[in-house]
Amino acid sequence: MSKIKNKFLELKSKKQKALIAYVVAGYPNENGTLSAIRGLVKGGADIIELGLPFSDPLADGPVIQNASYIALQKGINLSKFLSLVKKIRKETDLPLVLMTYTNLLYKQGYDKFISLARKAGINGFILPDMAIEEAGEYLKAIRKNKADSIFLISPNTSPKRIKKIVSVSSGFLYLVSVFGTTGKKEKIQQYTIDAIKNTKKLVDGKIPIGVGFGISNPKQAKFFIKKGADAIIIGSAFLRLIEKLPQKDIETKIAQFTRSLKAVTISQ
Amino acid sequence: MKIKYPKAGKFGEFGGRYIPETLVPAVEELEEAYLKFKNDKDFKNELDYYLREYAGRPTPLYFAKNLTEKIGGAKIYLKREDLLHGGAHKINNTLGQALLAKKMKKKRIIAETGAGQHGVATAMACAALGLPSEIYMGYKDTQRQKLNVFRMNLLGSSVHPVMEGTQTLKNAINEAIRDWITNVKTTYYLLGSAVGPHPYPVMVRDFQSVIGNEIKSQMKEIEKKIPDAVIACVGGGSNAIGTFYPLLDEDTEMFGIEAGGEGIETDHHSATLNAGSKGVLHGMLTYLLQDREGQILDTHSIAAGLDYPGVGPEHSYLKDNKRVKYDSVSDQNAIDAFLTLAKYEGIIPALESSHAVAYAIKIARKFSKSNSIVITLSGRGDKDVEVVENYLNQNVKNKK
Ligand SMILES: Cc1ncc(COP(=O)(O)O)c(C=O)c1O
């Protein structure tokens, strides 16, 4: 069974929700990423999402744009990314999800890219610019390599379309909580609450629902869990924290912040 | 060869819709509206009215007698898009899309711009139709093209400098897409070339096809036949596809000319179809300038309007099935053509269009005197005189 699916089952039996943490590979540098991952693991994150930077990240807000830009400037590339994943795999058994843009897979060939990433230890893939209509070759490669394809839905996705998306999704379904790019800070909107409610009804337990984009603190995380999220996805908030830290403090501070977030996913 | 309306948005394998999920309802709404209005009589009449009375269509097809004599080959005609309001073909597209946005009851228009030509044309169309517009422009471009920023402001647009990455056109498109994701319900994204997710490439082509349609009927009138060859410059590819599309089924040779910059063997050029490889950017599968891993490369051209690492998907299709020959012209040759046309015909062409002129100068002699070649003169060069002056001064210095 897939590592991601297993993780959700395990959490369910413990009456917990999932904390999914995103960091950009190679930001602030390779060792910094490793320290951050150690912090995430220590702090109790359930799934780790690793961003492989793309030159034109059009679904990302300023924080991830900047982190991607710096990581690329410092020379992150596919082979360095894969060796980083291998290092991480030696330290943790948590599910690892790769988030990047379609072109980096297309350029290598979907099958080659996905099989390389799988061998290094990646379990699932998120491509924010991959629409299901274009996903034929991608999904073939996903199945062949026994990986999970995590698709995104948005508050304006129609019920009919959500069903179609669910039918090709595995691992979890990524519900984008806001109209906007990653890291958008906004007070909680009614439409987000409605979207969680409606999606839950439509999905009917077939796949866990992760809510992300713009969640930055335990209070918001707690709120969305109360409204029905199976997982909380946090990215920009971690990167904002890393931005301010000297290398030596990354691990402990990230662990601390992770603990505060993980706490709200454990039902009292 | 002629794909009237691309099924599932595809020109062969190219095009499609590689977009964040939030934009799916928006492009579906756009496609629905476009299909509804493109054959609507009132819409067509209204657009024709603005193209005629506001933009100045039809544009002349001018026989460039002096240039023809100087070169000594085919007769050279100039399709004078440079005479349009705003000084470029861009207004054909912005009037069409702004009118569509109005029919869709959109309250806010956003657009990207590189050099500022599409931004200015958007600001004009929006002012004429009473729509508020905001323009994204790379910070570097705002500095290089200060006058166009001021022009857009005069026309009632606000210009947002984009600080991301290389701070040029591709970043401006990224940022416009991000704005669109954020304000998807209220906002219309008025894309400036035949690029982006379906239906933009086909819609922009259709709005620009007025160029090729006029060439066809004007040539029939003047020469009693269709042109033997047409030549247009290719940035995103809108003036070129507008020139080519109506003639695709005819026996006309076609040349799309990209920016060769300092040479396509260097990494300072924007010759996407000549030197690129297939990939996915800005919602479409098409040829791109990218590295081995798929990171998009920085591009260069003396003509800011050609300075883009992608190209419209229909051009990728026409390249692969060899209907159109895509070639490139260097900065230096474009400058030479700019000077030649100014001197011999009294017409200062945009540096973008100068690439097409340079290519015509190169190949006209291979044709016989009974042949006719049409160059689409996509814009006028007033915006470029300073760039050309600096380039010439620099060369004088280098020679010393
Ligand atoms: C005068 C002129 N010609 C050509 C272009 C290139 O665009 P396209 O390839 O879409 O025609 C531009 C773009 O700004 C332009 O201003």
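In chain A, nine strands form an open sheet with parallel pairing, in the order β5-β4-β3-β2-β1-β9-β8-β7-β6. The edges are taken by β5 (148-150) and β6 (152-153) of chain A, each with a single partner strand, so one side of each is left without a neighbour in the sheet. Strands are DSSP runs of E of at least two residues, helices runs of H or I of at least four, both numbered from the N terminus; two strands pair if DSSP finds at least two bridges between them. The model is predicted: local features need pLDDT of at least 70 and side-chain atom pairs count only at pLDDT 80 or more, whereas totals for chains, interfaces and linings use all residues. Residues are numbered from 1 along each chain as its sequence is written, chains are lettered from A and ligands numbered from 1 in the order in which they are written, and side-chain values use heavy atoms, without hydrogens and water.

Within the sheet, strands β7 (173-176) and β8 (209-212) of chain A pair in the parallel sense over four bridges. A:L173 stands opposite A:I209 of β8(A), and A:L175 has A:V211 as its bridge partner in β8(A). Both faces of β8(A) are covered: A:I209 and A:V211 on one side, and A:G210 and A:G212 on the other, are all buried (under 20% relative accessible area; exposed is over 50%, partly exposed in between; 1.4 Å probe, protein chains only).

On the surface, A:K197, A:K201, A:K222, A:K226 and A:K227 gather in a patch of positive charge (residues with over 30% relative accessible area and no salt bridge, like charges being joined within 9 Å; a salt bridge is a side-chain nitrogen of Lys or Arg within 4 Å of a carboxyl oxygen of Asp or Glu). Helices α9 (190-203) and α10 (218-226) of chain A each give two or more residues to the positive patch. A:K222 lies in helix α10 of chain A and counts as partly exposed because its relative accessibility is 46%.

Terms used. Patches are made of residues with over 30% relative accessible area and no salt bridge: like charges are joined within 9 Å, nonpolar side chains (Val, Leu, Ile, Met, Phe, Trp, Tyr) within 5 Å. Accessible areas come from the Shrake-Rupley method with a 1.4 Å probe; for residues, only the protein chains shown count as cover. Lys and Arg count as positive and Asp and Glu as negative; His and the chain ends are not counted. The place of a charge is taken as NZ of Lys, CZ of Arg, CG of Asp or CD of Glu.
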